[in-house]
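Here is a friendly briefing to read alongside the model. Please keep the sequence and the 3D view open as you go through the topics below.

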Amino acid sequence: SFVAVVPELGGAGVEIVSSVPDSVCPGTLLNLTIAGEGASEYRWINPAGFSSQQIAIKADKTTEFEALVISRDEFGNECPTTIRYTLHVFDDKKPEIGVDQNACEGDTLQLMAPDGYASYLWNNGLLGQSIEITESIIDLALVVIDNNGCIGSDTLSFEFYPPPAVDLGDDRFECASDPLRLSGGLGDSYLWSTGEGSQEIFVSQ
């Protein structure tokens, strides 16, 4: 009698095993390993171009990974099988806190972070969704953690400008026939108590 021994497809109990849970945060680094016995060759289909038993990837979006696993008998006959594994990636919920802002010294700006996060941490030491800004800050950063435990961040800057220096000089007395020239100094706009809007005015009474 003749007994033919046929190898198990691709090897015994082959599967793709992840080094992390099946659902991860965007940007997670992980290894995918083809586990099982008897395989002699690995051909990754997605991602393509790999032939090792283990690959390293960065999780960007939900993806079905696929590999062709081949086992061979003593005569070189191939027994291939295709295995798949789906990695679920949570949505990237990066917080958007707006663009850089400018204000005058003495002003108070209210900054409100978006809803929907479990925690809020600012790099100036403040906590909470809403904070008040009263001074210049370069690269104020917000770090949030969502309900899946994923971390996101955003930055912006605040610049507070000092008020313009205005010096009209000491009080003085002039003859009514001699107009007094007054200058508002350097500025972008001017408003005098007389209602005039120029940089310089002449006062005669």
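A residue is called buried when its relative accessible area is under 20%, exposed when it is over 50%, and partly exposed in between (1.4 Å probe, protein chains only). This is a predicted model, in which local features need pLDDT of at least 70, side-chain atom pairs count only at pLDDT 80 or more, and totals for chains, interfaces and linings use all residues. Residues are numbered from 1 along each chain as its sequence is written, and side-chain values use heavy atoms, with hydrogens and water left out.

**The chain as a whole**

- The protein chain has 15 strands and zero helices; both are DSSP runs numbered from the N terminus, with helices (H or I) needing at least four residues and strands (E) at least two.
- Of its 205 residues, 29% count as buried.
- The accessible surface of the protein chain is about 13600 Å², and carbon and sulfur atoms supply 51% of that; areas come from the Shrake-Rupley method with a 1.4 Å probe, and for residues only the protein chains shown count as cover.
- Among contacts with a separation of 6 or more, 49% are between residues 24 or more positions apart; contact here means heavy atoms within 4.5 Å.

- Asp-73 sits in the loop between β6 (63-72) and β7 (78-89).
- Asp-73 is buried yet has no salt bridge, and the nearest side chain of opposite charge, Arg-72, is 8.0 Å away.
- For charges, Lys and Arg count as positive and Asp and Glu as negative, while His and the chain ends are not counted; a salt bridge is a side-chain nitrogen of Lys or Arg within 4 Å of a carboxyl oxygen of Asp or Glu.

**Salt bridges**

- Side chains of opposite charge can pair when their charged atoms come close.
- How many salt bridges does a search of the whole structure find? The search finds four.
- Glu-41 pairs with Arg-43, with the closest N and O atoms 2.7 Å apart, and Arg-72 also forms a salt bridge with Glu-41, at 2.6 Å between the closest N and O atoms.
- Partly exposed residues here include Arg-43 at 36% relative accessible area, Glu-41 at 22% and Arg-72 at 35%.
- Glu-41, Arg-43, Arg-72 and Glu-78 are linked in a network of salt bridges.
- Arg-84 forms a salt bridge with Glu-66, the closest N and O atoms lying 3.3 Å apart. Arg-84 is in strand β7 and Glu-66 in strand β6, so this pair ties together parts that are 18 residues apart in sequence.
- Glu-66 is buried, at 17% relative accessible area.

**Cysteines**

- The structure holds one disulfide, meaning a pair of cysteine sulfur atoms within 2.5 Å.
- Cys-25 and Cys-150 form this disulfide, with their sulfur atoms 2.0 Å apart; the link is left-handed, with -90 degrees about the S-S bond.
- Cys-25 lies in the loop between β2 (23-24) and β3 (29-37) and Cys-150 in the loop between β12 (137-145) and β13 (151-161), so the pair ties together parts that are 125 residues apart in sequence.
- Cys-150 is buried, with a relative accessible area of 5%.
- Cys-79 counts as buried at 12%, whereas Cys-104 is partly exposed at 47%.

- Ser-18 belongs to strand β1 (residues 12-18) and is buried, with a relative accessible area of 16%.
- The side chain of Ser-18 reaches the backbone oxygen of Val-20 at 3.0 Å.
- Leaving aside neighbours within four places in sequence, Ser-18 is in contact with Leu-30, Asn-31, Leu-32 and Tyr-85.
- Thr-33 lies in strand β3 and is partly exposed at 23% relative accessible area.
- The side chains of Thr-33 and Gln-54 are joined by a polar contact of 2.8 Å.

Note on methods. A polar contact is a pair of N or O atoms within 3.5 Å; within protein, one must be able to donate a hydrogen and the other to accept it, and residues adjacent in sequence count only if both atoms are side-chain atoms.
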